Amino acid sequence: MADIFDEDLFLKGLEQRKSTLGAEYVERNLEAADAFTRPFQEAMTAWCWGFGWGDDVIDAKTRSMMNLAMIGALGKMTEWEIHCRGALRNGVSPDEIRAIIHVVGIYCGVPQALECFRVAKKVLSEAT
């Protein structure tokens, strides 16, 4: 199998991933990776964070807001919690998080909004 690893894109993604999610969290994930999961960690860091987040057309705050809406719509609450913390790092305010949850509730249902509020309250209480 050909090596498709792009180190430059990985390094760009690593910087953005650490900036949004926190260096300790990212380093823990990479250190925990083994031969089975490492290729995915590397690809996800290069593709999602290097290619996707590395595009300067949309600023990090807006991307965080988009992510909260999309991940909330999907109901992936573990990832939503991680990205809620990242959104705060990227300048998203608690009022903006609340407004995003309102949109999730309108388009995805009240039960999903309640899940987002539950997680957001936890994240916001830890941030203060």
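Reader: Why is Glu96 called partly exposed?

Author: Glu96 has a relative accessible area of 23%. Buried means under 20%, exposed over 50%, and partly exposed in between (1.4 Å probe, protein chains only). The value of 23% falls in between, so Glu96 is partly exposed. The model is predicted: local features need pLDDT of at least 70, side-chain atom pairs count only at pLDDT 80 or more, and totals for chains, interfaces and linings use all residues. Residues are numbered from 1 along each chain as its sequence is written, and side-chain values use heavy atoms, with hydrogens and water left out.

Reader: What makes Glu96 and Lys61 a salt bridge?

Author: The closest N and O atoms of Glu96 and Lys61 are 3.1 Å apart. A salt bridge is a side-chain nitrogen of Lys or Arg within 4 Å of a carboxyl oxygen of Asp or Glu, so this pair qualifies. The pair links distant parts of the chain, with Glu96 in helix H6 and Lys61 in helix H4, 35 residues apart. Helices here are DSSP runs (H or I, at least four residues), numbered from the N terminus. Lys61, at 27% relative accessibility, is partly exposed.

Reader: How many salt bridges does this rule give?

Author: The count comes to seven. One of them joins the side chains of Lys18 and Glu27 at 3.1 Å, N to O. Lys18 is partly exposed at 26%, and Glu27 is partly exposed at 35%. In another, Glu115 and Arg118 meet at 3.0 Å, N to O. Both lie in helix H7, three residues apart, which is about one turn of the helix. Salt bridges that share partners also join Glu81, Arg85, Lys122 and Glu126 into one network.

Reader: How do you know that the rings of Trp47 and Phe51 are stacked?

Author: A search of the whole structure finds two aromatic pairs. In the pair of Trp47 and Phe51, the ring centres are 4.3 Å apart and the planes are at 5°. Rings of Phe, Tyr and Trp (its six-membered ring) pair if their centres lie within 6.5 Å; planes under 30 degrees apart count as stacked, over 60 as edge-to-face and the rest as tilted. Both values meet these limits, so the pair is stacked. Trp47 and Phe51 lie in helix H3, four residues apart. Trp47 is exposed at 55%, whereas Phe51 is partly exposed at 46%. The pair of Trp49 and Trp53 is stacked too, at 4.7 Å centre to centre and 25° between the planes, but both of these residues are buried.

Reader: How do you know that the length of helix H5 agrees with its number of residues?

Author: The expected span is 1.5 Å times one less than the number of residues. For the 13 residues of H5 (residues 77–89) that gives 18 Å, and the end C-alpha atoms are 18 Å apart, so the two agree. The buried residues of H5 include Met77, Trp80, Ile82 and Cys84. Among the helices that the buried residues of H5 pack against are H1 (7–21), H3 (38–52) and H6, where contact means heavy atoms within 4.5 Å. H5 is followed by Gly91, whose phi is positive, near 90°.

Reader: Why is Tyr107 called exposed?

Author: Tyr107 has a relative accessible area of 70%, so it stands above the cut-off for exposed. Tyr107 lies in helix H6 (residues 94–108).

Note on methods: Helix = DSSP H or I, 4+ residues; strand = E, 2+ residues; numbered from the N terminus.
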